[in-house]
Amino acid sequence: MDLAPYLLLAGLEGLVQASVLMLTALGLSLVFGVMRVVNVAHGEFYMLGALIAWACGAYIPGPPVLGFVAGLLVAPLAVGALAWAADRAVLQKIGYNPEGTIVSTIGMLYILQQGALLTFGPDARAVDAPFYYTIRTPWFGYSSYKLFTVAVAILLVAGLWLLMRKSKVGLLMRATQFDRETALNFGIPVGKVYSAVFAIGAMMAAVAGVLVVPNQQAHYLMGTDPLLLSFVVVIVGGLGSIPGTIAAAVLIGLSDGLLSVFFSPTLAKIVSTLLVALVLIFRPEGLFTVKGRRA
Amino acid sequence: MTKLQVEGLSAFYGQSQALRGLTLELSGGEVLCLLGRNGAGKTTALKAIMGTVPPSSGRLVLDGRELTGLPPQEIPRAGIGYVPQGRRLFTELTVWENLEIGLMTRKTGREALEHALELFPVLRERMQQRSGTLSGGEQTMLAMARAMCLNPSVIMLDEPTEGLMPSAIAGIREAVIRLRSEGVAILLVEQRVDAVLPVADRVAFMDHGEIKAELPIAEVRANPDLLHHYVGIAARPARPATC
Ligand SMILES: Nc1ncnc2c1ncn2[C@@H]1O[C@H](COP(=O)(O)OP(=O)(O)OP(=O)(O)O)[C@@H](O)[C@H]1O
Ligand SMILES: [Mg+2]
């Protein structure tokens, strides 16, 4: 048996998975890094993104690409606004107390899940890809949409990186992340920064949901897997570290793709869970973090 | 002219009261020193003014403007620059980014920056260096420069000379004198009186969260034993007992 085509296919699948995972995990990591909030509802923002993308596709007439583009704009905006409101109404009110935020984001998880069930129903909803062009390799055809997903994810991550590293808003976020009290001492509106970060984190998950939904049907329970995988990525990559999160997403995504194609998806999950356990035991600061310093 | 009025400021950490009715008045061009030993409540006093330890009672007025009860981020915007104990630089950020944050506080421009860099020219060559890698003296300079970027009418410094060599201390002192001559109101916290004698106009002695006495510097100079009397600190670094 010729191995190369299998490897290529598994690599591509892994890459697609890695890129969606990278977006979701970066959102989770950003929120934890700046706000020290473990957002258990993060996967629900992803689910909402996917369902909104479906709604845009279903209710906007014309070619699928119109609905897709609309979803790509509407989903992050709507989900971001919702997250902003949730931060103001709940997290800010409890003063970002660590235990309190976990309990209240669990509450948000159920509210969003049941809200989605009531609004969209229990059915899995399929969404047409915006385009169907198939890329031919000598051995198999591959969906160009999936590669498009990878490209969009890379663009968005580059955008996030630029925002954090090169913009004034990013500077305020990094200062807040580093030392909240001193940030206040220099007039940084920490409350607004937190709301913005929570919204941006949710928007990243929502975009991931929009991107994934032509490959995978949307339904109200779809948020759990990405949440767990994001936790895996964020722990392996080092909490709050952008480069670490990207590296870990690629590592987990690729290994997941390879193991799923060659062995079984179950083995893939076992391996990634094992990896988390090993990282937690031997390098709790993350595989890709320099000790004592977050990249 | 600048006038900062603090009236009866109290603050608690949980159940324990760390600040008991702090009252002081400070004008532009004046250096008021707050002295007291470890745990006297000096840092708490500054944090209560900055609002990051929310005062339970009391008033804060700057140039007739009531700052009492404003959210903490509004205090620096009103023109109070702060050099926290231990400097509290954003050590992961570059020197320039630290200064940029100071400039953003009140949207001050080039002029405030130039003024700060003129006092601490070494920072110029280090703009792109991560601030955590600066030497201790340079870090203190950066902390002061960052506060000066606000173009503040009041500057509060919390033990800026802590852990510095005499030459670096002299630099800080010069900067304080320069700021005073420019009409900035300065609240300087120190533990030891010899650190403030050369720059202070008035000295307030703090103990157990309150000001026990406030004296003009001439009186302190004339009678260093006062210190011992008020807060039990020696005027000079302690020497082995000889009597
Ligand atoms: N975050 C806190 N939580 C509880 N108690 C605190 C806290 N910060 C300070 N304290 C207590 O409040 C009192 C005053 O502390 P503060 O830091 O104001 O003293 P200080 O005069 O600045 O001392 P030093 O010269 O050592 O800096 C001390 O008893 C201290 O233990
Ligand atoms: Mg102190």
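Biologist: To start with chain B, what does B:Glu66 count as, buried or partly exposed?
Modeller: B:Glu66 counts as partly exposed, because its relative accessibility is 37%, where buried means under 20% relative accessible area, exposed means over 50%, and partly exposed is in between, with a 1.4 Å probe and protein chains only. This is a predicted model in which local features need pLDDT of at least 70 and side-chain atom pairs count only at pLDDT 80 or more, while totals for chains, interfaces and linings use all residues. Residues are numbered from 1 along each chain as its sequence is written, chains are lettered from A and ligands numbered from 1 in the order in which they are written, and side-chain values use heavy atoms, with hydrogens and water left out.

Biologist: And which residue forms a salt bridge with B:Glu66?
Modeller: The partner is B:Arg59, with the closest N and O atoms 2.7 Å apart; a salt bridge here is a side-chain nitrogen of Lys or Arg within 4 Å of a carboxyl oxygen of Asp or Glu. B:Arg59 is partly exposed, with a relative accessible area of 36%.

Biologist: What about B:Glu114, which residue does its side chain meet?
Modeller: The side chain of B:Glu114 meets that of B:Arg124 in a salt bridge, at 3.3 Å from N to O. This pair links distant parts of the chain, ten residues apart, since B:Glu114 is in helix 4 (residues 110-119) of chain B and B:Arg124 is in the loop between helix 4 and helix 5 (136-148) of chain B; helices (H or I, at least four residues) and strands (E, at least two) are DSSP runs, numbered from the N terminus. B:Glu114 is partly exposed at a relative accessible area of 29%, and B:Arg124 counts as partly exposed at 40%.

Biologist: Then where is the partner of B:Arg126, B:Glu138?
Modeller: The side chains of B:Arg126 and B:Glu138 meet in a salt bridge at 3.2 Å, N to O. B:Glu138 is in helix 5 of chain B, while B:Arg126 is in the loop between helix 4 and helix 5 of that chain, twelve residues apart. B:Glu138 is buried, with a relative accessible area of 16%, whereas B:Arg126 is partly exposed at 29%.

Biologist: Switching to rings: how many aromatic pairs over all chains?
Modeller: There are eleven aromatic pairs over all chains, where rings of Phe, Tyr and Trp (its six-membered ring) pair if their centres lie within 6.5 Å, and planes under 30 degrees apart count as stacked, over 60 as edge-to-face and the rest as tilted. One of them joins A:Phe45 and A:Phe198, whose centres are 6.1 Å apart and whose planes are at 85 degrees, so the pair is edge-to-face. A:Phe45 lies in helix 2 (residues 42-59) and A:Phe198 in helix 8 (residues 190-212) of chain A, so the pair ties together parts that are 153 residues apart in sequence. Both A:Phe45 and A:Phe198 are buried.

Biologist: And why is the pair of A:Phe131 and A:Phe148 edge-to-face?
Modeller: A:Phe131 and A:Phe148 count as edge-to-face because their planes are at 80 degrees, with the ring centres 5.4 Å apart. A:Phe131 sits in the loop between helix 4 (98-120) and strand 1 (134-136) of chain A and A:Phe148 in helix 5 (residues 144-166) of chain A, so this pair links distant parts of the chain, 17 residues apart. A:Phe131 is partly exposed at a relative accessible area of 29%, and A:Phe148 is partly exposed at 28%. Together with A:Phe68 and A:Tyr145, they form one aromatic cluster.

Biologist: Next, Tyr96 of chain A: where does A:Tyr96 lie?
Modeller: A:Tyr96 lies in the loop between helix 3 and helix 4 of chain A, and A:Tyr96 is buried, with a relative accessible area of 13%. The C-alpha atoms of A:Tyr96 and A:Arg36 are separated by 8.0 Å, although the two residues are 60 residues apart along the chain.

Biologist: Lastly, in which helix is A:Val232 found?
Modeller: A:Val232 is found in helix 9 of chain A, and A:Val232 counts as buried at 12% relative accessibility.
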